[in-house]
Amino acid sequence: MNNKNDDFNEKLKMMAGSSDFLIFEKRSNFSHPFTICYFKPLVDPTILHEKIMPLLNVNADQSLDVLFAMLPITEKKLTSEWKSVEEGLLKGYAAIRFRAEGNQTLIVDVGKKEGRNVQAPEIEFSVIGPKEAFVESITANLNLLRKRLPVPEMKTKEMTVGNLSKSKIAVCYMEGITNEAYVNTVIQRIEGIDFDFVLDSSMLSEMIEDSKKSIFPQLLDTERPDRVAAALGLGQFAVFMDGSPHALIGPVNFALFLVAYEDYYLPWHMASFFRLLRFFAVSFSIIASSLYVAATSYHYEVVSTSLLSTLISSRADIPFPPIIEALVMELTIDLLREAGARLPSKIAQTIGTVGGIVIGTAAIEAALTSNVLLVIVALSALASFTTPNFRMSTTIRILRYPFLLGAEWLGLLGIFIVFAFLLVHLLRLKSIGAPYLVPVYPLRLSDLNDSLIRLPYSSFPRRPSFLRTRHSSRKSVEIDEE
Amino acid sequence: MAGKIGEKSLLSPFMAFFAAHCMQLGIGHLTFQSDVAKLVGQDSWIVVCLTGIMFHLVIWMMYRVLNKAQNDIISINQAFFGRWAGNVLNLFFLGYFLLFGGTTLRTFIYVVQVWLFPDVQTWILSLILLLLACYAVFGGLRTVIGVCLFSLIHYVLLPLHLELVPYLHFNNLLPAMDHSTSEMIRATQKMTFSFLGLEILMIYYPWFKQPQKSERWVHLANAATTLFYLIEIAASLTFFSKDQLVRVQWPTLALFQFFRLPYIERFEFIVVTFNLLRAVPILCLCLWSASRIAKTITRIRPSRTVPFFAALLAIFAILLPDYSAINQVHQWGNLMGNGLVYGYIPLMFVLSMIAKKVKPA
């Protein structure tokens, strides 16, 4: 016993090797000496001094059990295992020990809760609808979620990943709605992670996705609590991570990446219009410049005479073949975008001036590019930014390069070949085991009402069938299963 | 033998529609009008209907055999003819599907070479298309049928035929029924080539949930094919005069040459490109079934046989230098297909009626 006690003290001493670890021993004018230790940067001194110290000073002659019952803090534990003591200390707990009670240690949460306040969403901004976005603290995020789902069916499962980062992760799902197979798969994959640092949900998402080779995101990241709440209600699961202001939603399909959550707050006609618009924008953005290259390099005949004369006159002075012209312009747009993303926001405004006016006009005047192509490239860049999800929009920007190369190789046929490869890739892709192109393939007619269009809410009596929910009716009255 | 298909990989029966329909709508649709018109002229549309009806009959017989055995044709062959003779028949099927895929591949490339890029090498296009097909086949049957579904995009070009309506001469269809029975039969045999492909369902049968239910979808697929060919043949017969139609080598593409939209002309280029979407699913379906047969007979994993068969198809495509060679292969394919559809399947139907119970192989 005594030996073990020394061991405990040894370990505490070892921790004290770090100068921000504090061991405070009170022994002089007390018959019952005690020790309190904690990491200075992690604890909130106000709590420590206002709630714990007065109690300790008066009740030091009691046992730890009594003290435990008296402490006005919920997160506390009485333990004699070094492992949980260490864990607690590293999370901002204070450890209180009475010399008389040996290894018995009372750990109590006095952690400093620092972090941003809840702010309006910046990436998924909406004009209508709630203006709350997740922050870095997982407790605050779960609070935002629980407020929207005040039912006991919402369960969370907490885990820790990262050998060094020890990041806290919570998988949330609805018991009785979410298919356990999906939840178990994601939990299993998270448990399988063996890596030192997992710092953000985007890293986590890359580690648990089905296909690591794919450039398509297979889990949806969102900063909107309303979106997560609705997703849980539909039978999806959500993964939160401490330190990340984005939750991951899965299983998802391709169409969900073209959904801005505001679609659900707008009247359904407008929502459907905007969704179709986004879909056409994405298609346009992927193939517009490669169609230009195909038409100008190979298929003059396909373009009608009136349009052809415009094309030819704009290209008359250009010394480069269309593919070089198009590649240079596409790369310029990506350069502008990347420069804008890396620069501090105040300087970034100049990028607009430099990019839009100087490079655009000057390139045409210098006969480096045709104005038709410039319009096409600018429009397709604009179109690619309509994608509500950032990761999907980067994917779409990258996708246009293979299409350009295909167009250069075999014109329209080359574009089709690249398209076929893309299609097969998407057909093979899965999100936590659910097919990526659902509801188009496998065809699920009942899910089409909320895919590229959004029909009125009265047309959604059931949860999406591709989620294989345990309970498919969305109304309190049961609907007969077909 | 093939009963070890996991519950999870089973497909819904309606997917049989896409597999059957895509397999039928091959490259044949580019040329069939003039081939048939050479024999029966204005009565070609009747031949299309007749062949369609014949195929409904064939599907019906096919499903009687399959429903009774509740298994694919590979096992049925083994059960009926014994292990050795059955496997020889299965090898015939394997060769047939490879020939089917190889012909489609080479014809597609030939059309590209004639209409779009005379300089493109056969081997490079074969390589790319077969890589694509292998990529899809490795994704499993579900992916392959997904490719079939998306290949139906080519139907967006169908409404363009409406633009032809003012220029059609329905007088060309008269006099109706002006040909002898033997001429009609020979034309039907010729037409059969464009309808072939349904036989693949004999391999896919056990992969559907409640496979009996896939029958009506296959009938529907055949009906859709018949309707599609009817539209094409009617447009060709009434747009071209008979003498002209017989001389046009690519009637479908020649029709599309006529269309124009405000900013797009020369639609045949786009049609040739869309043909890629007809060729790729056929390649996938053929490679998949060939590897399935190989797996059942020899137990070699598809991951080995699929690249091997793909290489065979590529070599096959490279070895066919010009249209006369391709046409020769078409004739073989047509002969094999005719034998299969009008000989083998009725034979199996009769045998399966006689046999009391098919014993499991």
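**Helix packing and chain contact in a predicted model**

Visitor: Which residue with a positive phi follows α4(A)?

Guide: The model under discussion is a predicted one. In it, α4(A) is followed by a residue with a positive phi, near 100 degrees. That residue is A:Gly92.

Visitor: Within what arc do the buried residues of α4(A) fall, seen down the axis?

Guide: Helix α4 of chain A spans residues 82-90, and A:Val85, A:Gly88 and A:Leu89 are buried in it. These buried residues line one face of the helix, because, viewed down the axis of α4(A), they fall within an arc of 100 degrees.

Visitor: Which exposed residues does the face of α4(A) turned away from its buried side carry?

Guide: The buried side of α4(A) is covered by elements that include β2 (34-39), β3 (76-79), β4 (93-98) and β5 (105-109) of chain A. The face turned away from that buried side carries the exposed residues A:Lys83 and A:Leu90.

Visitor: Are α5(A) and α8(A) parallel or oblique to each other?

Guide: Helix α5 (residues 138-148) and helix α8 (residues 225-234), both of chain A, pack with their axes 9 Å apart and at an angle of about 55 degrees. Angles under 35 degrees count as roughly parallel, whereas 65 to 115 count as roughly perpendicular. The relation of α5(A) to α8(A) is therefore oblique.

Visitor: Are α9(A) and α11(A) roughly parallel or roughly antiparallel?

Guide: Helix α9 (residues 268-297) and helix α11 (residues 322-342) of chain A have axes 9 Å apart and an angle of about 165 degrees. Since angles over 145 degrees are counted in this class, the two helices α9(A) and α11(A) are therefore roughly antiparallel.

Visitor: Which residues of α11(A) make the contact with α9(A)?

Guide: The crossing of these two helices, α9(A) and α11(A), is right-handed. On the side of α9(A), the contact is made by A:Ser289, A:Tyr292, A:Val293, A:Thr296 and A:Ser297. On the side of α11(A), the residues are A:Pro322, A:Ile323, A:Ala326 and A:Glu330.

Visitor: Does A:Glu408 count as buried or exposed?

Guide: A:Glu408 lies in helix α14 (residues 390-428) of chain A. Leaving aside neighbours within four places in sequence, A:Glu408 is in contact with A:Val293, A:Ser297 and A:Ile323. Because A:Glu408 has 20 C-beta neighbours inside 10 Å, its class is buried.

Visitor: Which element gives the most to the side of chain B that touches chain A?

Guide: Between the chains, 25 residues of chain B are in contact with 18 residues of chain A. Two or more residues on the side of chain B come from each of α5 (122-138), α6 (141-151), α12 (267-274) and α13 (276-298) of chain B. The element that gives the most, with five residues, is α6(B).

Visitor: How far apart in space are B:Ile153 and B:Phe274, C-alpha to C-alpha?

Guide: B:Ile153 has its place in the loop between α6 and α7 (181-195) of chain B. With 12 other C-beta atoms within 10 Å, B:Ile153 is exposed. Although B:Ile153 and B:Phe274 are 121 residues apart in sequence, their C-alpha separation is 8.3 Å.

Key
Residues are numbered from 1 along each chain as its sequence is written. Chains are lettered from A and ligands numbered from 1 in the order in which they are written. This is a predicted model: local features need pLDDT of at least 70, side-chain atom pairs count only at pLDDT 80 or more; totals for chains, interfaces and linings use all residues. Axes are lines fitted to C-alpha atoms, for helices over the stretch in contact, and angles run from 0 to 180 degrees between N-to-C directions. Helices (H or I, at least four residues) and strands (E, at least two) are DSSP runs, numbered from the N terminus. The arc is that of the directions from the helix axis to the C-beta atoms. Two residues are in contact if their C-beta atoms, placed from the backbone, lie within 7 Å. A crossing is left-handed if the near helix is turned anticlockwise from the far one by less than a right angle, and right-handed if clockwise.
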